[in-house]
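This report describes one structure, shown below.

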Amino acid sequence: LEYAPVQIKDLIDNIYEVLLPAAKKKSIVMTHDIPEHLFIEGDEDRLQQIFMNLLSNAISYTQEGGRVRVDAEIINEGGEEEQIRFTVSDTGIGIPKKDLPRIFERFYRVDKARSRSSGGTGLGLSIVKHLVELHHGTIRVESRVGEGSSFILELPLMHPFEN
Ligand code: ATP
Ligand code: MG
C-alpha cells in the first residue's frame, strides 16, 4: 500500500464520472455532499476500489428511476480518533434480513436467480471489507427489502496540513 493524503471529494467525483453512463441508462440520479476539505491517509487506488464497488452495487441493485448518494460526516470531532463516516445509500431492492450477516463473505450473493443478470461473482463486498480494514476502518450495512440499502463506512480522518 502507498499511503498519502487522498482528497475524498475528487475521488468520488471521478468515480461518478465513470459510473454516469450506467446510472443514466437506468435513469438513476447520483448525488453526494462531500466537502472539499476531507482527507484520508490512504492508498488512492484502494480507496477508489472501495467506493467503486459500493457504488456499482448501488446502481446494479437499484431499479429504474432510483437514487444513489454518498454522505459524509465527521464523527468524534476534536477527539483522539476523529473519523469520517461515509454513508453510501440507494433506494434499491434492499437485502433480506437473513442475508445481512453474510453479505461480506466471499462469493455470497443474495438470491442468485434474481441477481444473475448483473453477472457478478460475489467477491466485491468481501474485497471492500478487506480494504476498509487495511485502512483501519469499519463497514456495516443497514437495509430493508423494497426500500433500499445503506453501507456505512468509518475511516480515520487526517489533517494533511498540520505539523
Ligand atoms: P461482484 O463480485 O461483481 O461485485 P456481486 O455484486 O454479486 O458481484 P458483492 O458486491 O460482494 O457481489 O455483493 C454481494 C451480494 O450482496 C450481491 O450479489 C447482492 O445480492 C447483494 N448486494 C450488494 N450490494 C447491494 C445493494 N446496494 N443493494 C441490494 N443488494 C446488494
Ligand atoms: Mg458487487
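## Overall architecture

How many helices and strands does the chain have? The chain has 4 helices and 7 strands, where helices (H or I, at least four residues) and strands (E, at least two) are DSSP runs numbered from the N terminus. Their order from the N terminus is β-α-β-β-α-β-β-α-α-β-β. The chain is as compact as a globular protein of 163 residues, because its radius of gyration is 16 Å, close to the 15 Å of the globule rule; the radius is taken over C-alpha atoms, and the rule is 2.2 Å times the number of residues to the power 0.38.

The model is predicted: local features need pLDDT of at least 70, side-chain atom pairs count only at pLDDT 80 or more, and totals for chains, interfaces and linings use all residues. Residues are numbered from 1 along each chain as its sequence is written, with chains lettered from A and ligands numbered from 1 in the order in which they are written.

## Extent and contacts

The C-alpha trace spans about 55 × 30 × 25 Å along its principal axes. Buried residues (20 or more other C-beta atoms within 10 Å of their own; exposed, 12 or fewer; partly exposed in between; C-beta atoms placed from the backbone) account for 30% of the 163 residues. Of the contacts (C-beta atoms, placed from the backbone, within 7 Å) between residues at least 6 apart in sequence, 68% join residues at least 24 apart.

## Packing of α2 and α4

Two packed helices are described by the angle and the distance between their axes. For α2 and α4, the angle is about 145° and the axes are 9 Å apart; axes are lines fitted to C-alpha atoms over the stretch in contact, and angles run from 0 to 180 degrees between N-to-C directions.

On the α2 side the contact involves R46, Q49, I50, N53, L54 and N57, which meet α4 residues including G124, L125 and I127. By class, this contact has 8 nonpolar, 4 polar and 1 charged residues (nonpolar: Ala, Val, Leu, Ile, Met, Phe, Trp, Tyr, Cys and Pro; charged: Asp, Glu, Lys and Arg; polar: the others, Gly among them).

## Ligand shell

Around ligand 1 there are 22 residues, of which Y61, R109, V110, G120 and G124 come nearest; a residue is near if its C-beta atom, placed from the backbone, lies within 6 Å. The shell has 9 nonpolar, 11 polar and 2 charged residues. Both α2 (44–60) and α4 (124–134) supply at least two of its residues each.

## Residue E77

E77 lies in the loop between β4 (67–75) and β5 (83–90). E77 counts as exposed because it has 9 C-beta neighbours inside 10 Å. Its C-alpha atom is separated by 27 Å from that of D45, 32 residues apart along the chain.

Terms used. Two residues are in contact if their C-beta atoms, placed from the backbone, lie within 7 Å.
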